[in-house]
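Hello,

Here is the structure I promised to pass on. My notes on it follow below.

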Amino acid sequence: MWIKRLLDGQVNQYYQLADKYLVREYVKKCGYADTLTSLVNCYSKGDELIYSELPQKFALKANWGAGMNLICTKKSQYTENELRSQIDKWLVSPKFAFSERHYNLISRKVVCEEFIDDGTGGFPIDYKFICLKGEVKAILVCNDRESGHADYIPYDVNWKPLFDYCIAKHDKSELVSKPANLTQMLECAKKLASGIDMVRVDLYSNGNKIWFGEMTLTPDGCIFRRWTQKAINEMGEYYRTH
């Protein structure tokens with residue numbers, strides 16, 4: 001099982017895929033360089049950030065772990081000192097234990113990339129492809145992040161909502177339209193996940209263009225708090241039998 005491999009440290013061999021900076025080279029090798037957002041800069045300490053070099057919209061993110069992201073849609077909302085302070089705060093965050101020890105192998109940096117404008121007018125919709133043995137088994141769609149309370153709804157590869165896979169209760173009014181280029185997104189996710197037992201591939205899309213987000217070897221710390229027991233059982237059965 002994947003959890004056993006995590007605890008045994010076998011997942012450490014893939015740590016570069018969890019590195020939000022080094023993974024860019026992997027994406028290029030897989031033939032998807034055109035999905036990479038423009039790299040503004042990469043910082044190993046806060047005072048390396050030069051405010052005048054930043055575009056009006058950008059995304060700051062630590063290259064390891066989760067929850068260390070700053071999506072800026074208006075540069076004037078932050079001062080140079082505020083951004084430098086945030087970078088330094090992330091860089092000294094605690095190390096990981098148990099199932100996410102592979103993050104400790106990553107040389108810590110904070111990446112600044114272009115803001116992804118998918119045409120929705122706000123934060124882009126995040127399409128999280130749950131891949132087992134190189135196949136997409138579910139797509140967890142994250143929407144409405146700017147509200148401070150994002151919606152997470154899983155879909156199958158034919159864009160049927162999997163309400164019975166999600167612990168939180170949702171209705172049809174919260175559904176997101178199927179991306180026009182879903183087939184291409186599925187192909188991209190499968191290519192990036194090829195040869196890996198379990199990985200989540202995050203992509204963005206405006207219906208025509210695809211942007212790569214990140215790859216996560218331990219989604220939600222492998223606690224699976226968003227998924228029902230039915231979802232865990234069915235995906236677990238697929239994992240064991242393929």
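Let me start with Asn63: with 0% relative accessibility, Asn63 counts as buried (buried means under 20% relative accessible area, exposed over 50% and partly exposed in between, using a 1.4 Å probe and protein chains only). Please keep in mind that this is a predicted model, where local features need pLDDT of at least 70, side-chain atom pairs count only at pLDDT 80 or more, and totals for chains, interfaces and linings use all residues. Residues are numbered from 1 along each chain as its sequence is written, and side-chain values use heavy atoms, with hydrogens and water left out.

Asn63 sits in the loop that runs between β2 (58-62) and β3 (69-72); strands are DSSP runs of E, at least two residues, numbered from the N terminus. The Asn63 side chain makes a polar contact of 3.0 Å with the side chain of Asp19 (a pair of N or O atoms within 3.5 Å; within protein, one must be able to donate a hydrogen and the other to accept it, and residues adjacent in sequence count only if both atoms are side-chain atoms). A polar atom of that side chain also lies 3.1 Å from the backbone oxygen of Ser107.

Now the cysteines. The whole structure has zero disulfides, a disulfide being a pair of cysteine sulfur atoms within 2.5 Å. For Cys30, the closest cysteine sulfur is in Cys188, 8.4 Å away and so too far for a bond. Cys30 is buried, at 14% relative accessible area. Cys166 is in no disulfide either, its nearest cysteine sulfur being that of Cys142 at 11 Å. Cys166 also counts as buried, with 7% relative accessibility.

Best wishes

Methods: Helix = DSSP H or I, 4+ residues; strand = E, 2+ residues; numbered from the N terminus.
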